[in-house]
Amino acid sequence: IAPESDGMLTERLKALQASRWSHASSFNVPWQLAEVFTDKRATYDWLSERGFVTPTTWTLPEFLSTSRVPSPSTSVFILKPRDGAGSDRVQCLSLEQLHHVIAMSPSGEHDRWIVQPHIPGQACSFGLIGGGDGRLSTILPGAFQKIAENSGALSYRGGIVPCDRQLQEFITPLAFRMRQALGAFRGYIGVDVVVPAGGVNSAEQVQTSCNAAHVIEVNPRLCTSYVGYQMLCRQNLARKILCLPSPDLEWYDGNIEF
């Protein structure tokens, strides 16, 4: 387990999977896929090519170019490191504030940051446990994310599993699509999503882009939500991750806050 920042996760996976250690068991996605998901600009391309609804993602040079000017209707933006993890240095800014931050930052660092339009709605996530050997991954229930904002700075404060039924109705079809797109892998993947404001009252429109859950990030590592999932699960989730024989997952009633 390592953060995506500064290539730490990808470098360690590459060393383990593509060297003299390649005979060892690696409970992670292939390093090539981790390399995509640790770069949020590359993640946007991967998601878009597979038809997922996801916020348009610009590097700062792309955002500043005349050919990539955002829609005038967009007034709030998210600025974050291209390889960040755990809400590190994520900011919610007006267009005026964003241009001020860009003007004050070294131009040589611009390609290391991305901008996305802010999607109003409920932040959620879901987990996938991959069993390898061509087997489809196990989908974990959707989780409600607690995101705090302090003067524009966002921080992740845990969550609640499972999230309510209406949110699940939006997340579950997306989780099945993501499982298919990822194919077989070993280990754990966490997917961050936002159910747009108003969407939770229109579940019958779940297939439309304006109401569908937006994929924000794909995290190719064990995530904090595992804490809640393990407390909610009647079995040991680690057995699934380690590809050990285990019964189908069963969940306790109620919710777990973590």
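**Exercise 1.** Are tryptophan 58 and phenylalanine 63 buried or exposed?

*Solution.* The model is a predicted one. Step 1: a residue counts as buried when its relative accessible area is under 20%. Step 2: for phenylalanine 63 the relative accessible area is 4%. Step 3: phenylalanine 63 is therefore buried, and tryptophan 58 is buried too.

**Exercise 2.** Determine how many aromatic pairs the structure holds, and classify the pair of tryptophan 58 and phenylalanine 63.

*Solution.* Step 1: the structure contains six aromatic pairs. Step 2: in the pair of tryptophan 58 and phenylalanine 63, the separation is 5.5 Å centre to centre, with 70° between the planes. Step 3: planes over 60 degrees apart count as edge-to-face, and this pair is accordingly edge-to-face.

**Exercise 3.** Classify the pair of phenylalanine 63 and phenylalanine 77, and state which elements it ties together.

*Solution.* Step 1: the ring centres of phenylalanine 63 and phenylalanine 77 are 5.5 Å apart. Step 2: their planes stand at 80°, so this pair is edge-to-face. Step 3: phenylalanine 63 belongs to helix H4 (residues 60-64), whereas phenylalanine 77 belongs to strand S2 (residues 76-81). Step 4: the pair therefore ties together parts 14 residues apart in sequence. Step 5: phenylalanine 77, with a relative accessible area of 0%, is buried.

**Exercise 4.** Identify which residues ring pairs link into a cluster with Phe52, and which charged residue lies over the face of phenylalanine 52.

*Solution.* Step 1: Phe37 and Trp46 are linked with Phe52 into a cluster by ring pairs. Step 2: over the face of phenylalanine 52 lies arginine 177, at 4.4 Å from the ring centre.

Key: Residues are numbered from 1 along each chain as its sequence is written. This is a predicted model: local features need pLDDT of at least 70, side-chain atom pairs count only at pLDDT 80 or more; totals for chains, interfaces and linings use all residues. Side-chain values use heavy atoms; hydrogens and water are left out. Rings of Phe, Tyr and Trp (its six-membered ring) pair if their centres lie within 6.5 Å; planes under 30 degrees apart count as stacked, over 60 as edge-to-face and the rest as tilted. Buried means under 20% relative accessible area, exposed over 50%, partly exposed in between (1.4 Å probe, protein chains only). Helices (H or I, at least four residues) and strands (E, at least two) are DSSP runs, numbered from the N terminus. A charge sits over a ring if NZ of Lys or CZ of Arg is within 6 Å of the ring centre and within 35 degrees of the ring normal.
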